[in-house]
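Subject: Handing over a structure

Hi,

Here is the structure I promised to pass on to you.

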Amino acid sequence: MTALLAVENLSTRFRLKRGGGEIRALHRVSFTVAAGQTLGVVGESGSGKSTLARSILRLVEAREGRVLFDGEDLLALDAARLRQRRRDLQMIFQDPFASLDPRFSVRRLLEEPLMVHGLGDRAARQRRVAELLQQVGLDPGAAEHYPHEFSGGQRQRIGIARAVALNPRVIVADEPVSALDVSIQAQILNLLMDLRDRLQLTYLFISHDLAVVRAIADRVAVMYLGEIVEWAPAEALYRQPRHPYSEALLSAVPDPARRGRRIVLQGELPSPDRPPAGCPFHTRCPKVMAHCANEPPPEVELGTAEAPHRVRCHLYGDRVPGSVQASQPLYSRA
């Protein structure tokens, strides 16, 4: 299946204001998303998920790599061409209250992208606003109200309406339900899936909640410290995670069908301005081996051409030396 969005070796770094160092936010991230699919991106806070979203859309500038949309490298576009392409790639933000200008009515918020791209006259824009509100389950009369007059779930519906206003092909959703009550989360997820099917959208869906991702994603990428450590079909990942970090994340998701106890990782996510040598996960890995501390793990293909399943881990490399003998356990089971 041909990729609509292909990210190749994407790396993003931020300079520290003091000391002259850098934060390695993303490191050689690669994946593809086919048209109509949803790729879920999961990982702890600080793993680089939001930076990935913003780097793809050039809200922050990547240091190196390529982001191919329909074969065109977004990172190589000049300002005028990038502005044209922004019609095809839109974003839904985590906090709808922060992303919606409180000074603007809903009508102004939804008309603005149409005006920026010169689409339609005033009457056509007003019709489009009414259509958008109906698409996301809101009364067209809500157009005259302001963001503070709505609940959190309603504000997120407005944010979704704004994201689809230009008929994009790809939507990057950055934690779109994490700020909502559980009952409202289900409604918004159902809305996103309905819009995906009706409007033939492609999603990059970012979340720390693996249960939410399971409900919507076709494929899942697991991120740790700015790198993708596992990338697989959703069903394969949830049935049999291969990377020790993926296994630990999934063990924390309540699932009566899954046997075994929760894996509790010791320690904190390392600082991205001082990433560990070798495998980035080796300082917390329950299956760490001697060479994990010095050698970056290879990317190994464990799936098929039709259903690729890639993992970066020495467990699946050509040689597997003996495990490190630690004086204290690197993890516990609770």
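Before the notes, one term: contact means heavy atoms within 4.5 Å. Helices (H or I, at least four residues) and strands (E, at least two) are DSSP runs, numbered from the N terminus. What you have is a predicted model, where local features need pLDDT of at least 70 and side-chain atom pairs count only at pLDDT 80 or more, while totals for chains, interfaces and linings use all residues. Residues are numbered from 1 along each chain as its sequence is written, and side-chain values use heavy atoms, with hydrogens and water left out.

Let's start with a pair of helices. Helix H6 (residues 152-164) packs against helix H7 (residues 182-199) at an angle of about 15°, and their axes are 10 Å apart. The axes here are lines fitted to C-alpha atoms, for helices over the stretch in contact, and angles run from 0 to 180 degrees between N-to-C directions. That makes H6 roughly parallel to H7 (angles under 35 degrees count as roughly parallel, over 145 as roughly antiparallel, 65 to 115 as roughly perpendicular and the rest as oblique). On the H6 side, Gly-153, Gln-156, Arg-157, Ile-160 and Val-164 do the touching, and they meet Ile-184, Gln-187, Ile-188, Leu-191, Leu-192, Leu-195 and Leu-199 of H7. Sorted by class, this contact has 8 nonpolar, 3 polar and 1 charged residues (Ala, Val, Leu, Ile, Met, Phe, Trp, Tyr, Cys and Pro count as nonpolar, Asp, Glu, Lys and Arg as charged, and the others, Gly among them, as polar).

Setting aside neighbours within four places in sequence, Gln-135 is in contact with Arg-128, Val-164, Leu-191, Leu-195, Arg-198 and Leu-199. Gln-135 is buried, with a relative accessible area of 15% (buried means under 20% relative accessible area, exposed over 50%, partly exposed in between, with a 1.4 Å probe and protein chains only).

Now the sheets. Two strands pair if DSSP finds at least two bridges between them.

Which strand is largely enclosed by the rest of the structure? That is strand S9 (residues 219-224), because 6 of its 6 residues are buried. Arg-219, Ala-221 and Met-223 point one way, while Val-220, Val-222 and Tyr-224 point the other. S9 pairs with strand S3 (residues 38-42) in the parallel sense over 4 bridges, and Gly-40 stands opposite Val-220. With strand S10 (residues 227-233), S9 pairs in the antiparallel sense over 6 bridges, Val-222 having Glu-230 as its bridge partner. S9 and S10 form a hairpin with 2 residues between them, and Leu-225 in the turn has a positive phi of about 50°.

There is also an open sheet of 4 strands, ordered S2-S1-S4-S5, with antiparallel pairing. Strand S2 (22-34) and strand S5 (72-73) are its edge strands.

Cheers
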